[in-house]
Structures are given as C-alpha cells and as structure tokens.
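Me: Could you take a close look at a single part of this model for me? I'd like to know what surrounds it and how its residues are placed.

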Amino acid sequence: MKALLPAYCRLLGYAILLLSIFSPFILMMYGIITDENLLLCKEIIKLFMIVGLLMILLAYTKNENEETEVIRVKAMRNAFFITIIYIFVSMLFRLYKGSNELMDTSSFLIFMAMNVICLEFGIKKAVVDKIFKR
C-alpha cells in the first residue's frame, strides 16, 4: 500500500489526534458540551480521530521505500485480526452481562488505532533491525 499524503501530514495527523483527545475536557470546562449536544460532540470527535489516524497511516515516512509499503500492509493485516479479536471478546462480554447498553459503535476507530500502532511498531522494528544487522 503506497502512501498518498505528503510527509508533513503525519505530524499534522498526530496534532489532530492529540487535539481530539483533549478537546472534550476543554469543551466541558467551558460549558460547550451539554446533555443536549453530547452525542453530536462525541461523533464529531470520533470523526476527527478517524481523520487524524488516516492521515498518520497514509502519509509518507521519512525514509519511504518498498519495505515501508510491506510494513503498512502487515500493519493493516495485524490490525484487522486484533480488531476482530476485540469485537469478539466485547460481544462475549455483552452476552455474559446480558445487556445491550454496552453496544460498541467505534469498531472502525479501534481498527484505525490498532493499524497506526502496528504501523509505528513495524517501522521502529525495521529501524532497530537495520541498526543491529550492520
């Protein structure tokens, strides 16, 4: 899978992700998030998280090569399996509890987060492997 975005989008993606993580607390302190607009704010913040994670995933790395493309594909495969395991375990937990209040609507967000984590781990692992193979 080739990168589609320029390298600066990777840093911008992390900034958007950081902003979307801390913005609910700031908005709540200023009274912008209320009971009436809680669901809307939650979905908008999820959307910003997805955009940030996509920017991280699809941006060029510093030393982009064919190996990085292979790492991206492996990260997507690993993230897919980890997300399936997460969804299965959460379904078992909901069945055990006998409640549908804990419905999970953020499976894609979890998939994207696992994908970025696997990608970052794979890239760092490749760098360490290059250092110790010399």
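Reply: Happy to! In this predicted model, the cover over the buried residues of α2 includes α1, α3 (66-97) and α4 (107-133), where contact means heavy atoms within 4.5 Å. Helices here are DSSP runs of H or I with at least four residues, numbered from the N terminus. Local features need pLDDT of at least 70, side-chain atom pairs need 80 or more, and totals for chains, interfaces and linings use all residues. Residues are numbered from 1 along each chain, and side-chain values use heavy atoms, without hydrogens or water.

Helix α2 itself runs over residues 38-58, 21 residues in total, and reaches 30 Å from its first C-alpha to its last, close to the 30 Å expected at 1.5 Å a residue (the expected span is 1.5 Å times one less than the number of residues). Its buried residues are C41, I45, K46, M49, I50, G52, L53, M55, I56, L57 and L58; buried means under 20% relative accessible area with a 1.4 Å probe, counting protein chains only.

The buried residues of α4 include F111, N115, C118, E120 and A126, and their cover includes α1, α2 and α3.

As for cysteines, C41 in α2 counts as buried because its relative accessible area is 14%. C9 is buried as well, at 8%. A search of the whole structure finds zero disulfides, meaning cysteine sulfur pairs within 2.5 Å.

Technical notes
Helices (H or I, at least four residues) and strands (E, at least two) are DSSP runs, numbered from the N terminus. Buried means under 20% relative accessible area, exposed over 50%, partly exposed in between (1.4 Å probe, protein chains only).
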